[in-house]
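Please study the sequence and the three-dimensional structure shown below. The paragraphs that follow lead through the chain step by step.

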Amino acid sequence: MVRWADESLLDLKWEEIGEHYGRYRLHLPEAERAMARSLECYGQLSPVVVCWRQERYELIDGFKRLGAARSLVQMPRLSARLMEADERTAKAAIYGLNRAGGRTRELEEAWIIQALVREDGMSQVEVAELVGRHKSWVCRRLALIERLGPKARDELRVGLLSPTAARQMVRLPEGNQAEVLEVIRREALSSAELAGVVDLWLACTGRRQQEYLLAHPREALSQSKGFVASVRDPRLSEAGNRVWKRVGLLLDVLGRMEVWLAHQGRTELTPEDRVILSPRFQRLSRDAGSVAALSQDFVSELGSA
């Protein structure tokens with residue numbers, strides 16, 4: 001249970017607030033910029049949460065607000081609420097306070113669970129009791145980090161590998177993860193494609209099959225049972241089959257673009273690339289929005305038919 005040191009709020013300079021526990025949170029520049037706009041318009045609507053650790057205030061909740069405040073000249077101070085917490089309960093509070101607002105991410109949860117188990121020496125059962133979850137949940141979060149090889153773990157930390165992809169990677173032996181990561185990057189595999197590649201990898205009986213899979217992942221998927229696309233669906237008319245094929249192609253391309261934008265796009269583009277590509281992405285945003293709206297209308301029409 002959270003214990004507040006005092007009902008009154010603290011008025012702290014942001015330089016007085018440490019970020020020791022920031023290593024358990026994802027750094028999201030876009031979210032910080034959005035928070036900065038909110039602070040400019042409305043001010044600080046809710047206090048950050050801090051605890052007193054090693055002779056200074058350490059932030060537990062409000063990392064985006066702190067990061068945003070640093071960028072605003074008119075906001076040199078933050079309102080804060082002081083929580084009584086030792087090392088273990090501080091980490092659990094990071095999870096609990098964010099869980100209440102529905103803002104936790106699997107990766108952040110995994111970092112917290114790993115710290116409680118490996119740094120604080122708690123058993124998985126003790127951690128489960130502390131955070132109010134089942135032991136199997138704790139085990140899954142711990143595995144998300146600890147079954148990953150060093151390269152995959154690093155990419156997960158900086159956001160180049162999604163938690164969804166990481167769950168597939170942990171199915172592979174650690175020694176094989178780096179080469180499969182390279183395939184994800186090179187081919188911009190979607191989550192479904194990655195799951196299929198991992199399934200095929202685990203079924204490989206020799207290195208030659210693995211090498212073919214690494215070199216031609218989509219060809220291997222198309223040849224495997226369950227990934228062979230029907231040339232024509234006999235249930236559909238000629239027009240229906242044409243639409244089916246177009247939608248399939250569109251979904252495939254959109255899936256690749258989604259992976260690229262979410263996990264690697266911005267990091268590999270030069271400033272010159274961004275200037276040249278900007279008009280195309282503006283058109284993509286506009287046209288994709290239009291297609292999404294028309295598709296939703298069509299889905300509604302089908303539902304009422």
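**Charged pairs within helices**

Glu 155 and Lys 151 form a salt bridge, with their closest N and O atoms 3.4 Å apart. A salt bridge is a side-chain nitrogen of Lys or Arg within 4 Å of a carboxyl oxygen of Asp or Glu. This is a predicted model, in which local features need pLDDT of at least 70 and side-chain atom pairs count only at pLDDT 80 or more, while totals for chains, interfaces and linings use all residues. Residues are numbered from 1 along each chain as its sequence is written, and side-chain values use heavy atoms, with hydrogens and water left out.

Why are Glu 155 and Lys 151 separated by about one helical turn? They are four residues apart in helix α7, which covers residues 150-158. Helices (H or I, at least four residues) and strands (E, at least two) are DSSP runs, numbered from the N terminus. An α-helix has 3.6 residues a turn, so residues three or four places apart point the same way. Glu 155 is buried, with a relative accessible area of 10%, whereas Lys 151 is partly exposed at 43%. Buried means under 20% relative accessible area, exposed over 50%, and partly exposed in between (1.4 Å probe, protein chains only).

Helix α11 (residues 207-215) holds another such pair, Glu 211 and Arg 207, four residues apart and separated by about one helical turn. Their salt bridge has its closest N and O atoms 3.7 Å apart. Glu 211 is partly exposed at 43% relative accessibility, and Arg 207 is partly exposed at 40%. Elsewhere, salt bridges that share partners join Arg 23, Arg 53, Glu 87, Lys 91, Glu 119 and Asp 120 into one network.

A search of the whole structure finds 21 salt bridges. One of them joins Glu 108 to Arg 25, with the closest N and O atoms 3.0 Å apart. Glu 108 lies in helix α4 (residues 106-119) and Arg 25 in the loop between β3 and α1, so this pair ties together parts that are 83 residues apart in sequence. Both Glu 108 and Arg 25 are buried.

What of a charged residue without a salt bridge? Glu 32, in helix α1, is buried yet has no salt bridge, and the nearest side chain of opposite charge, that of Arg 70, is 6.2 Å away. Leaving aside residues up to four places away in sequence, Glu 32 touches His 27, Phe 63, Lys 64, Gly 67 and Ala 68. Contact means heavy atoms within 4.5 Å.

The buried residues are Phe 63, Arg 65, Leu 66, Gly 67, Ala 68 and Ala 69. They pack against β3 (17-18), α1 (29-42), β4 (48-53), β5 (56-61) and β6 (77-84).

The loop between β4 and β5 contains Gln 54 and Glu 55. Most residues other than glycine have a negative phi, and most peptide bonds are trans. Gln 54, however, has a positive phi of about 50°, and Glu 55 has a positive phi of about 65°. Are these residues buried or exposed? Gln 54 is exposed, with a relative accessible area of 77%, and Glu 55 is exposed at 67%.

Pro 217 lies in helix α12 (residues 217-223) and is buried at 1% relative accessibility. Not counting residues up to four places away in sequence, Pro 217 touches Val 183, Arg 186, Glu 187, Leu 189 and Val 197. The C-alpha atoms of Pro 217 and Glu 187, 30 residues apart along the chain, are separated by 8.2 Å.

Finally, the chain may be viewed as a whole. It has 15 helices and six strands, and its C-alpha atoms fill a box of roughly 70 × 45 × 45 Å, taken along the principal axes. Of its 305 residues, 35% count as buried. Residues 24 or more positions apart account for 70% of the contacts with a separation of 6 or more.

How values were computed. Lys and Arg count as positive and Asp and Glu as negative; His and the chain ends are not counted.
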